[in-house]
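Grab a pencil and work through these exercises one at a time. Try each task yourself before you read its solution.

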Amino acid sequence: MEMIFVILIGALAAVLANMNIAVFNDGLRPIISEHLDGRLKRRELGLTAFAMSFGLVVGFGIPFTITASIILIHSILLGTDIIGLITPKNKWGTPLAAVIGGLYSWGLLIGLEGFVKLFEHLPVNFLEPMGEVGTPVVVTFMAFPALAVALQFSLKKGILTFLVAALMRQLAVFLNESGLFVIGGNVITLNQEGMALIAGMIFLFSFAMKEKTNEDDATVDLASIFSDKVSAIKKNVVFFMLIGALIAGATNLLLMAGDPISLNLLAEGKQTDAGIAAAARAIGFIPLVASTAIATGVYSPVGFTLIFVAGLFSPNVWIAVLAGAIVIFLEVMLLSSIAKFLDKYPGVRNSGENIRSAMTKLLEVALLIGGANASNMIAPGFGFFFIAGFYLLNEAAGRPIVRMAVGPVGAIAVGVIANILVLLGVMSIPQ
């Protein structure tokens, strides 16, 4: 059943990209719109998709997938974006995209199982230390609303948001230690990072909704200007319900995750915490995903990413499948209402890009620290040296590897090097 879910997700996502209905890469949606308006040829569109997504698949999606032994959805959907847009959109190209997309997803799952077995036979099994890559991410994620506030509004408001979030975290620690929350004889434990995250998100959206409308914003009416684009998305709602159901089901089976934070929490067995983190991320990304979808008529195969939340909080896979279909159906049907809301509160609309930037900056730092810690566990001393050098040389070379991937990729490289050195007899196996 797990294999069927993964293959169908890859096949359907490739078809959606091929038919210009939905792509996962946010940056590709405006480019597809250019193609639909006749200003960009299909061949150029395919090459652009390859250039924008291939590096993220190899340098971001797959390293996270390997480190946690859970598929990061980017590994599949960035790849199917490329497959769908490179294959011709005709009577034979669309079925071909489905076949290649399904085979690609199948290969990822088989390859992941093969990697896990391979690690068991290595002189230095660095699979367990690789789990350290995501440890700082879980703890530092609570700071992203404060950074988003600082980027959009002011440093003072950002500091205030950060201090309140930190205070909420420590309050949760105190309440947990005191055991004050008891229901039916069971002690309820508050999630520390989750409480801080909720506090930060409240501040972020409070500031955003208070931001005054300027003259430029007053002239924008997303709901009416792009009504034809929204109608085009609504016509394809059945496709979105199908892929939403499949992804929610696969998430419930713990086969995949929608972001590095929830992925690392799942790897630690914290499914509820992963659901909270996924919900916070989804709420934060609604303005960005909604704006690009409304303006281009091209949706995302994961919608607002709320289908991951549905999958994580569902009691079983079949309820997750049903919930995923319903959630993405409601998202699509409410697009016009969301457009009107964004018109009314331009600060919320503008917060989308700042939220994305804040998350990216935070992940860059957290994953670099995590990669360094993992590398040092694999090869004490040498690990810190390698990650520092790798990061600096990558910067000097103009960042051929995105900053976010330097930590995970560097840790994998240290693991490979450590095994080679042990086989050559110039390094002892770390205890």
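On a 1 Å grid over the protein atoms alone, a cavity is a set of points where a 1.4 Å probe fits but cannot get out, and its lining residues have an atom within 4 Å of a point. Before you start, note that this is a predicted model, where local features need pLDDT of at least 70, side-chain atom pairs count only at pLDDT 80 or more, and totals for chains, interfaces and linings use all residues. Residues are numbered from 1 along each chain as its sequence is written, and side-chain values use heavy atoms, with hydrogens and water left out.

**Exercise 1. The cavity**

Task: Find which residues line the largest cavity, and sort them by class.

Solution:
- Step one: searching the whole structure for cavities of 30 Å³ or more turns up 1. The largest cavity holds about 30 Å³ of space (a volume is the space filled by probe spheres set on the points, with grid points joined across faces, edges and corners).
- Step two: its lining consists of G258, D259, A278, R281, T305 and F308.
- Step three: sorted by class, that lining gives 2 nonpolar, 2 polar and 2 charged residues (Ala, Val, Leu, Ile, Met, Phe, Trp, Tyr, Cys and Pro count as nonpolar, Asp, Glu, Lys and Arg as charged, and the others, Gly among them, as polar).

**Exercise 2. α13 and α16**

Task: Work out how α13 and α16 are arranged relative to each other.

Solution:
- Step one: helix α13 covers residues 237-252 and helix α16 covers residues 306-313 (helices, H or I, at least four residues, and strands, E, at least two, are DSSP runs numbered from the N terminus).
- Step two: the two pack at about 45°, with axes 7 Å apart (axes are lines fitted to C-alpha atoms, for helices over the stretch in contact, and angles run from 0 to 180 degrees between N-to-C directions).
- Step three: α13 and α16 are therefore oblique to each other (under 35 degrees is roughly parallel, over 145 roughly antiparallel, 65 to 115 roughly perpendicular and the rest oblique).
- Step four: on the α13 side, G244, I247, A248, T251 and N252 make the contact, and on the α16 side I307, F308, G311 and L312 do (contact means heavy atoms within 4.5 Å).
- Step five: that contact splits into 5 nonpolar, 4 polar and no charged residues.

**Exercise 3. α16 and α17**

Task: Now decide how α16 and α17 are arranged relative to each other.

Solution:
- Step one: helix α17 spans residues 317-333, and its axis comes within 9 Å of that of α16, crossing at roughly 155°.
- Step two: α16 and α17 are therefore roughly antiparallel to each other.
- Step three: L306, I307, A310 and G311 of α16 touch A320, A323, G324, V327, I328 and E331 of α17.
- Step four: the class count for this contact is 7 nonpolar, 2 polar and 1 charged.

Methods:
On a 1 Å grid over the protein atoms alone, a cavity is a set of points where a 1.4 Å probe fits but cannot get out, and a pocket is an open set with protein on both sides within 12 Å along at least five of seven lines; lining residues have an atom within 4 Å of a point.
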